[in-house]
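Please keep the structure open beside you as you read.

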Amino acid sequence: MDKATDLTAVHVPNEDFDLYSVSESGWYAIDEQDKMVLGPFVSLGECDRAIHERGVLAARLLDAGPPPALDRP
């Protein structure tokens with residue numbers, strides 16, 4: 001993971017879900033290339049929480065650096 005990606009919450013309504021690469025309507029988190037990354041969620045609040053939690057995890061992983069190499073015979 002090189003850098004944290006900004007995500008945006010979007011709602012895909014019932015009448016439009018077949019226009020996107022999703023199997024059902026709901027709230028989704030999309031990246032800068034409009035790729036669905038997380039979802040579907042029932043509410044905007046759930047989607048926002050998932051985006052926040054993903055950002056926190058990404059920041060922790062970036063701060064931790066690469067994992068130590070495994071010594072294998």
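1. Let's start with the helix. Helix H1, residues 44-64, lies across E1, E2 and E3, with contact meaning heavy atoms within 4.5 Å. H1 runs at about 145° to E3; axes here are lines fitted to C-alpha atoms, for helices over the stretch in contact, and angles run from 0 to 180 degrees between N-to-C directions. Helices (H or I, at least four residues) and strands (E, at least two) are DSSP runs, numbered from the N terminus.

2. A word on what you are looking at. This is a predicted model, in which local features need pLDDT of at least 70, side-chain atom pairs count only at pLDDT 80 or more, and totals for chains, interfaces and linings use all residues. Residues are numbered from 1 along each chain as its sequence is written, and side-chain values use heavy atoms, with hydrogens and water left out.

3. Now the sheet under discussion. Three strands make an open, antiparallel sheet in the order E1-E2-E3, where two strands pair if DSSP finds at least two bridges between them. Strand E1 (8-12) and strand E3 (36-41) are the edge strands, each pairing on one side only. From one strand to the next, the twist averages 25°.

4. Look next at E2 and E3. Strand E2, residues 26-30, is joined to E3 by three bridges, and the two run antiparallel. Ala 29 has Leu 38 as its bridge partner in E3.

5. Which residues make up the largest nonpolar core? The six are Leu 7, Ala 29, Phe 41, Cys 47, Ala 50 and Ile 51. Such a core is a set of buried Ala, Val, Leu, Ile, Met, Phe, Trp, Tyr and Cys residues joined through side-chain atoms within 4.5 Å. Buried means under 20% relative accessible area, exposed over 50%, and partly exposed in between (1.4 Å probe, protein chains only). H1 gives the most to this core, with three residues. Not counting residues up to four places away in sequence, Ala 50 touches Leu 38 and Phe 41.

6. Two backbone details deserve a look. The peptide bond from Gly 39 to Pro 40 is cis, with omega near 5°, and Pro 40 is found in strand E3. Asp 34, in the loop between E2 and E3, has a positive phi near 60° although it is not a glycine. Asp 34 counts as exposed because its relative accessibility is 60%.
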